Amino acid sequence: MTKESNLPAPEEQFGLKAEDAQQAPTPTTSVEEATPETEVQAEMVDFADEEAALAAHSEELDLGEESPEESSSEAEASETGSTLSGKSREELIHWFEKLLEERPVQTLRREAEALKIAFYKQHRADVEAEKRAFVEAGGNEEEFAPTTDEWENRLKELFKEYRDRRDSFIASLEEEKQANLEIKLHIIEELKELINSDETLNHTFTKFRELQQRWKETGIVPQQNIKDIWETYNLHVENFYNFIKINKELRDLDLKKNYEQKMALCESAEALIEEPSVVEAFHKLQKLHDQWRETGPVAAEYKESLWERFKEASSRINKAHQEHFEQLKREQLKNLELKTGLCEQTEELVSQPLTSRKEWNRASERLLELQKVWKSIGFAPKKDNTRIYERFRQACDKFFEAKRNFYSSVKEEMEHNLQLKLELCEAAEALQSSEDWKKASEELIALQARWKEAGAVSRRHSDAVWKRFRKACDTFFERKAKHFSEQDNAYEQNLEKKLALIEEMASADVKAGGYEVIRDFQRRWSEIGFVPIKRKEEVQKRYKEAVDKLFTELRSGERDRSMNRFRERVSNLKEGGQRRLQSERERLYNKVRQLEQEIQLLENNIGFFANSKNAEALVAGVREKIEKTKQEMAATIEKVKLIDQAESNEQ
């Protein structure tokens, strides 16, 4: 395209980008592609995990509170995330089926929770991909309904089976705990009876060992009874040792064995202080306490010191565990405060009246920043986490709903713009063959200005309609450039002719030929055509200077002739007497005064023209008249001087 076409660069286009099928967050959780005016190419914020967790939060999939048996499970949950990453829904279902077959139900909670998130993350991605395909095929997004997901139905069936088995396990475990409590209470009663028994020492001690073994083999009791029953049991074990006064060597051996076991438990507890995970240390400590309770008494002199040592290590671990969760609670409360602030900012953004694509782009960029900040903040307290996320998501939903409505109206506007631009194409094509270079150029430039003012059109039409319009403009301006290129040689020849004419004017005898000589030069100049534009001003200036010089020479000659004629007149006046000469001088003197007044009046008038519409042209005309008047006054003064000189010579 030639520089004369003055066309804008190809316009940017409007359209919505289809996000990646596997990472496709819905418009409620990510900023849509930017509009054509600013082309915001921001990376989308992925809320897939949060959305999946929300989708998985239903009564059918809820597992309730975690039981102590589940929390103390040693399932390798740390590997769950990497295990599930990238699995399809079918693979996830088969993986869960296998877990249900092979693992105890009380060890599956963490895997079950992770499975729900992974499944619904994949489920949402597949639904979004299906929706995009539906819309791209011409469907209305509001009419989209996802196909029935058989794998989701299977997931709910498996979760029902898992929950039933888990509920059965917990129920049977509670029954077992209650039965264990009854057994241990009976063992304590038997210990009491041993103290009052009349049996031989060997028989009594054998019975005591049997009761200890039965106690160890009996499982756990209800949580609320653990402390009391262990204290009661240990009390009666010590009473047994003290009452029956068994063989000192045998008793000391038993106490030594218990001492060694409790020393080892103290060392294990102290080692847990250095455990990097305070949660892991706390769970291990609970098992050490169970072992401590199962271990028999030690010698009286060691009892308090050993317990204080074990209790000191336990206190440090418990304190670290408590501080960890208090810190976590403080962090979660701080996160809740930060997320509440983000919700308020998002809601404020939604309330703003946005009326242009630029404003929507800036608002979208701002929302994207808020979403990125949200992703960088950790969890809020469990009871608030879902609620605060739903509030944030609802604000995002409202924003993108308003944005979709805005661009729905923009779509209608773009259809109108397309019709307008098609009309501009037709108008440009009608001018592309014109040879009225000036008029067609002006009209095409006007069409280009209207093109710039016209808004954007849809992406599928913009490139074609732009190329059509540009082709018509290029065709005309290329023809125009070629036409004027052919004139360049003629312009160079005209330049040479005009330069030669200026040289001729410089040596002309204008005094001999008079005004006819100047008029002949002017005629010949006007008959010569155009010169190259870059030399036009220079040549015109030289021509004007040459013409001015000729007029100056001509006026100078006429002035000399006029003064010679006046000298002859003065001589004639002298012959007529002094009175006639004085009368002529008086006339000329009055004329000088009149000319002075005219000059003063003209100079005053210049000030009045300063605010006139055509001030510059008016002032230039007045100045030219002042100059001519001054020349006339100078000539008159010179005539007065000639009269004065003649009178002086007469005297």
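Helix 7 supplies the largest share of the lining of the second largest cavity, namely three residues. The model described here is predicted. It holds three cavities of 30 Å³ or more. The second largest cavity contains about 40 Å³ of space. Its lining consists of Gln-212, Trp-215, Lys-216, Tyr-233, Val-237, Glu-294, Thr-295, Gly-296 and Pro-297. Two elements give two or more residues to this lining: helix 7, spanning 201-217, and helix 8, spanning 226-244. By class, the lining of the second largest cavity has four nonpolar, three polar and two charged residues.

Helix 4 covers residues 89-102, and helix 6 covers residues 150-195. The axes of helix 4 and helix 6 come within 10 Å. They cross at roughly 20°. An angle under 35 degrees counts as roughly parallel, so helix 4 runs roughly parallel to helix 6. The crossing of helix 4 with helix 6 is left-handed. On the helix 4 side, the contact is made by Arg-89, Glu-90, Ile-93, His-94, Phe-96, Glu-97 and Leu-100. Helix 6 contributes Trp-151, Arg-154, Leu-155, Leu-158, Phe-159, Glu-161, Tyr-162 and Arg-165. Eight residues of the contact between helix 4 and helix 6 are nonpolar, one is polar and six are charged.

Helix 13 and helix 15 form another pair. Helix 13 comprises residues 382-431, and helix 15 comprises residues 459-486. The axes of helix 13 and helix 15 come within 8 Å and cross at roughly 20°. Because of this angle, helix 13 is roughly parallel to helix 15. Helix 13 and helix 15 cross in a left-handed manner. From helix 13, the contact draws on Glu-415, Leu-418, Lys-421, Leu-422, Leu-424, Cys-425, Glu-426, Ala-428, Glu-429 and Leu-431. The partners in helix 15 are Arg-460, His-461, Val-465, Arg-468, Phe-469, Ala-472 and Phe-476. The contact of helix 13 with helix 15 includes 10 nonpolar residues, one polar residue and six charged residues.

The remaining pair is helix 16 with helix 18. Helix 16 consists of residues 488-506, and helix 18 of residues 515-527. The axes of helix 16 and helix 18 come within 10 Å. Their crossing angle is roughly 170°. Angles over 145 degrees count as roughly antiparallel, and helix 16 and helix 18 are therefore roughly antiparallel to each other. In helix 16, the residues in contact are Lys-498, Leu-501, Ile-502, Glu-504 and Met-505. They meet Phe-521, Arg-524 and Trp-525 in helix 18. Five residues of the contact between helix 16 and helix 18 are nonpolar and three are charged. No polar residue takes part in this contact.

Notes. Residues numbered from 1 in each chain as written. Predicted model: local features only at pLDDT ≥ 70, side-chain atom pairs only at ≥ 80, totals over all residues. Heavy atoms only, no water. 1 Å grid on protein atoms, 1.4 Å probe; cavity = no way out; pocket = protein on both sides within 12 Å on 5 of 7 lines; lining within 4 Å. Points joined across faces, edges and corners; volume = space filled by probe spheres on them. Helix = DSSP H or I, 4+ residues; strand = E, 2+ residues; numbered from the N terminus. Nonpolar A, V, L, I, M, F, W, Y, C, P; charged D, E, K, R; others polar. Axes fitted to C-alpha atoms, helices over the stretch in contact; angles between N-to-C directions. Parallel < 35°, antiparallel > 145°, perpendicular 65-115°, else oblique. Left-handed = near helix turned anticlockwise from the far one by under 90°. Contact = heavy atoms within 4.5 Å.
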